[in-house]
Amino acid sequence: RSHVAGNCHTERQDGDVMVHVYGPHIFHTAHEHVWQYMNRFGTLMPYNHKVKATTQGKVFSLPVNLLTINQFFGKTFTPAQAEAFITSIGDQSITDPQSFRDQGLRFVGPELYAAFFDGYTRKQWGVDPVELPASILARLPVRFNDDDTYFSHPYQAIPKDGYTPIVEAILNHDGIKLHLSTRFSPTESKEFGSFDHIIWTGPIDAYFGFEFGRLGYRTLDFVPEVADGDYQGHPVVNYCDTDVPYTRITEHKHFAPWESHDKTIVYREFSRLCGEADTPYYPIRLVKEKEQLLNYVQRARDAKGVTFIGRLGTYRYLDMDVTIHEALLASKTMLECIANKQPLPSFSVDPMA
């Protein structure tokens with residue numbers, strides 16, 4: 001690419017709106033050291049992310065909360081009544097949810113699962129929810145109050161000037177030489193000189209030339225639209241019905257509520273299987289891929305002079321703060337290894353954990 005910051009790259013577009021070019025990135029964390037690290041390189045503005053969902057011809061708040069439950073079922077439950085009701089409609093026979101579908105039916109029941117999760121998930125991941133692990137849905141809360149803030153971490157923000165200047169500031173160091181618009185191949189890297197060690201944040205299967213086949217990723221297509229005024233009133237609206245081809249619409253100026261713009265830029269977001277020429281976004285990690293992934297992990301452990309980190313390097317779905325946390329951990333570990341004249345690790349975090 002011709003810019004730094006990867007998929008969290010931001011830039012000013014029509015009407016000076018700050019656009020998250022590869023989809024919205026909300027910084028949220030419980031890690032104090034990650035929060036302090038980010039603040040070294042830019043100004044972070046307080047931002048509480050809120051999401052709406054359109055399903056069955058109506059608009060609801062997400063995550064599922066007391067307001068969502070009362071609106072969906074036409075009730076006036078108190079928090080205690082809502083919790084008891086959701087427990088009663090959940091499938092209590094599912095004691096150990098293994099799939100995404102099991103997790104949904106167990107914890108919110110068939111009606112809410114069908115309305116908010118089943119169709120959206122089929123569009124987002126391109127597979128039947130029974131093929132996805134329960135852990136994907138387990139990360140999403142159900143609240144029995146009216147709190148409609150999407151994340152619950154103590155630190156939530158978006159950089160005042162976008163993410164790209166922060167990454168540029170991180171890279172502004174005499175010991176770093178940056179190459180843009182340049183391919184790097186671990187087997188054809190002589191043009192860059194020799195290396196003591198490589199930190200690989202690209203796809204783990206790509207490093208080994210797809211020796212065991214390509215791991216599955218989802219990619220995203222964005223259809224932008226520029227309009228006057230306010231398009232939808234919210235930064236993100238999910239479209240849960242399967243007859244709507246896109247998964248969500250994002251309106252970028254709402255990611256910077258401290259700014260004012262006459263123009264607005266919206267992205268319709270489409271998810272599909274990642275092809276060879278596409279940008280990988282989400283590792284799918286289907287059960288049937290486990291043996292294939294194990295083969296790559298073993299190759300990585302046997303490889304010399306390389307460490308694999310990040311979402312693609314470890315083939316794991318990671319939030320931004322976890323990626324930063326693991327990068328800082330990797331740096332600390334490597335410095336300790338160098339000081340003690342020990343070999344550098346293949347992974348800072350076990351990708352199979």
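Reader: Let's start with Arg 143. Is it buried or exposed?
Author: This is a predicted model, and in it Arg 143 counts as buried because its relative accessibility is 10%, with the cut-off for buried being under 20%.

Reader: Okay, and where does Arg 143 lie?
Author: You'll find Arg 143 in the loop between helix 5 (135-138) and strand 7 (155-159).

Reader: What does the side chain of Arg 143 reach?
Author: It gets to the backbone oxygen of Thr 149, at 2.3 Å.

Reader: Which side chain meets Arg 143 in a salt bridge?
Author: That's Asp 147, at 3.9 Å from N to O. Asp 147 counts as partly exposed, at 33% relative accessibility.

Reader: Switching topic: how many salt bridges are there by this rule?
Author: The count comes to 16. One of them pairs Arg 272 with Asp 221, at 2.5 Å from N to O. That pair links distant parts of the chain, with Arg 272 in strand 12 and Asp 221 in strand 9, 51 residues apart.

Reader: And what does Arg 316 form a salt bridge with?
Author: Glu 326, with the closest N and O atoms 2.7 Å apart. Arg 316 sits in the loop between helix 9 (310-313) and helix 10 (320-339), while Glu 326 is in helix 10.

Reader: Is Arg 316 buried or exposed? And Glu 326, buried or exposed?
Author: Arg 316 is buried, at 12% relative accessible area, and Glu 326 is buried too, at 7%.

Terms used:
Residues numbered from 1 in each chain as written. Predicted model: local features only at pLDDT ≥ 70, side-chain atom pairs only at ≥ 80, totals over all residues. Heavy atoms only, no water. Helix = DSSP H or I, 4+ residues; strand = E, 2+ residues; numbered from the N terminus. Polar contact = N/O pair within 3.5 Å; in protein donor to acceptor, adjacent residues only side chain to side chain. Salt bridge = Lys/Arg side-chain N within 4 Å of Asp/Glu carboxyl O. Buried < 20%, exposed > 50% of the residue type's maximum accessible area, 1.4 Å probe, protein only.
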